[in-house]
There are 2 protein chains.
Amino acid sequence: MSVRNIYIVGVGLIGGSIAKDIKRLNSNLNIVGIDSNASHLDEAKALQIIDEKATLEDLVQADFVILSVPVDAALHLLPKILDTVHDDALVMDVGSTKTNICKAVANHPKRRNFLATHPIAGTEFSGPKAAVENLFRHKTNIICEIEKTAFKLQEKALTIFQIMGMRIRYMNPEAHDKHIAYVSHLSHISSFMLGKTVIEKEKNERDIFDMAGSGFASTVRLAKSSPEMWTPIFKHNKENVIETLEEYINNLEQFKALMKQDDFESIFNEMKATNHIKDILNGIA
Amino acid sequence: MSVRNIYIVGVGLIGGSIAKDIKRLNSNLNIVGIDSNASHLDEAKALQIIDEKATLEDLVQADFVILSVPVDAALHLLPKILDTVHDDALVMDVGSTKTNICKAVANHPKRRNFLATHPIAGTEFSGPKAAVENLFRHKTNIICEIEKTAFKLQEKALTIFQIMGMRIRYMNPEAHDKHIAYVSHLSHISSFMLGKTVIEKEKNERDIFDMAGSGFASTVRLAKSSPEMWTPIFKHNKENVIETLEEYINNLEQFKALMKQDDFESIFNEMKATNHIKDILNGIA
């Protein structure tokens, strides 16, 4: 049985962007949207991100379901979706945490219909209007527990990722959640708290933002991100995120201590060593 | 006496970019470069950023001197440069801290030949190769103690800033240093320490950067910045920077405490409130 339709559950930044890529590359597929937010669903239809609107009950007809909702909602929806879909359907989620969702369906009779993925791409914007083509091109897609998905469905999924231009890495859910805390979750917190610190200051000191340049804008960009999406991520990855936060705070405390001691030679050396990030970032689009 | 030549002392990112703007907009001016780094000076000449090379002794002929070296070097050079230049010359510095440099020449007999400025623009790169045109266009230039500069020389400086497309704000050196700590110096530290935290982790966990997306790249971009430039800035703005660091660390500690208490409602509210940064950033190019 081949894929004739794709149901996108959650037509926001990620779901909408996936829909756009798939539609462009295979216009024969019928792309169906489902969203608890009725105005988002209408918007996605008006923007031609989806061909039609549907509800969760309609998933009985789905060949391919992409679940792109906040990770707490995904946890509740996924078992129900697996209950609903037919035996050859592929259901995949695209959430930023993988341990809980893999656990939630570990013993589900249709576990082999599910693929746990994390296409690592995004912007600080959200909703269907934020959906853009080629968001995932040359980006990394982490796939977890590939061996638990039916072989034929693995193939289907990989075809889609190939079309989207993604490179695949396989990882277990625990390793995914541990690593992603460093390279994604922590940088959101550092950005939100930087924004907070400066906003608090501005309450008393007017015009402070008049002095902000592009460096500040870049560092604080992620503080525009959706709290609806990010609160559940922090909740689901609590232990790992707290660990990264502690290491980050320790490094900041150490930097502060060096400043208090007037040890600017060590501060220089710290920064020089961290410049190594240049070479690392060259590998990131 | 009008301006026939401009001497750039320090032909790196900032000095070189200013030279490029001035040269493009007034090709009659002779742009002369001075740099303690001989290879940078040769590079600036080869890149046609400067018309000729010179040494500090040649400043006797200068009509306009732009001092664009790290802030500690500027502190030592400025009094000597003022000693050297003729009575109608304008000398301005472009450093990221203003209190110390204003103090250093407060009683200099040629104080009225000096203008303290901070054109707020830059990139994470350094050296003459990093110089780009239009770096300062639509950016803010903070001018300190304008009243201490001779009226005719104020005018000359403003003409140059107008050509560069900058908007001017006047501020006293102490207010400048306090505010810039929040919107520039702190974000460099947050970025360097984020880079450090992740690099340290990578030592034990290979391939972690394979998972880094554009969000991480944006947040950590400033960690590529030059330690040669930034160490003296932190040194010169020590008290203010420590204050911002303490507030930032407190906010991170509070976020961590909320996570430990499973108070994700407050975490949501924190992030929602900080989303206000969107409106603020709209004002930054």
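A helix here means a DSSP run of at least four residues, numbered from the N terminus. Keep that in mind as you look around this predicted model.

**Stop 1: the end of a helix in chain A**

Select residues 238–260 of chain A, which make up helix H9. With 23 residues at 1.5 Å a residue, H9(A) should span 33 Å, and its end C-alpha atoms are 32 Å apart, so the two values agree. Now step just past the end of H9(A) and click on Asp262(A), which takes a positive phi of about 55°.

**Stop 2: the sheet of chain A**

Next, show the strands of chain A. Eight of them form an open sheet, and you can trace the order S3-S2-S1-S4-S5-S6-S7-S8. The pairing in this sheet is mixed. Which strands sit at the edges? They are S3 (52–53) and S8 (167–171) of chain A, and each pairs on one side only.

Zoom in on S4 (64–67) and S5 (90–93) of chain A: these run parallel and are joined by four bridges. Pick Phe64(A) and look across to S5(A), where its bridge partner is Leu90(A). Strands of a sheet pair through backbone hydrogen bonds, either parallel or antiparallel.

**Stop 3: a glycine in a loop**

Find Gly122(A) in the loop between S6 and S7 of chain A. Is Gly122(A) buried, exposed or partly exposed? Its relative accessible area is 22%, so Gly122(A) counts as partly exposed, since buried means under 20%. Show its neighbours: leaving out residues up to four places away in sequence, Gly122(A) touches Leu13(A), Ile14(A), Leu135(A) and, over in chain B, Ser214(B). Gly122(A) and Leu135(A) are 13 residues apart in sequence, with their C-alpha atoms 6.9 Å apart in space.

**Stop 4: helix H1 of chain B**

Hop to chain B and select residues 13–25, helix H1. Buried residues in H1(B) include Leu13(B), Ile14(B), Gly15(B) and Gly16(B). What do the buried residues of H1(B) pack against? Look for strands S1 (5–9), S2 (30–34) and S4 (64–67), plus helix H5 (151–164), of chain B.

**Stop 5: two crossing helices**

Finally, select H3 (71–84) and H8 (227–236) of chain B, which pack at an angle of about 75° with their axes 7 Å apart. H3(B) and H8(B) are therefore roughly perpendicular to each other. Val71(B), Asp72(B) and Leu75(B) of H3(B) make the contact with Pro232(B), Ile233(B) and His236(B) of H8(B). Colour these contact residues by type and you get four nonpolar, one polar and one charged.

Notes. Residues are numbered from 1 along each chain as its sequence is written. Chains are lettered from A and ligands numbered from 1 in the order in which they are written. This is a predicted model: local features need pLDDT of at least 70, side-chain atom pairs count only at pLDDT 80 or more; totals for chains, interfaces and linings use all residues. Side-chain values use heavy atoms; hydrogens and water are left out. The expected span of a helix is 1.5 Å times one less than its number of residues. Buried means under 20% relative accessible area, exposed over 50%, partly exposed in between (1.4 Å probe, protein chains only). Contact means heavy atoms within 4.5 Å. Axes are lines fitted to C-alpha atoms, for helices over the stretch in contact, and angles run from 0 to 180 degrees between N-to-C directions. Angles under 35 degrees count as roughly parallel, over 145 as roughly antiparallel, 65 to 115 as roughly perpendicular and the rest as oblique. Ala, Val, Leu, Ile, Met, Phe, Trp, Tyr, Cys and Pro count as nonpolar, Asp, Glu, Lys and Arg as charged, and the others, Gly among them, as polar. Two strands pair if DSSP finds at least two bridges between them.
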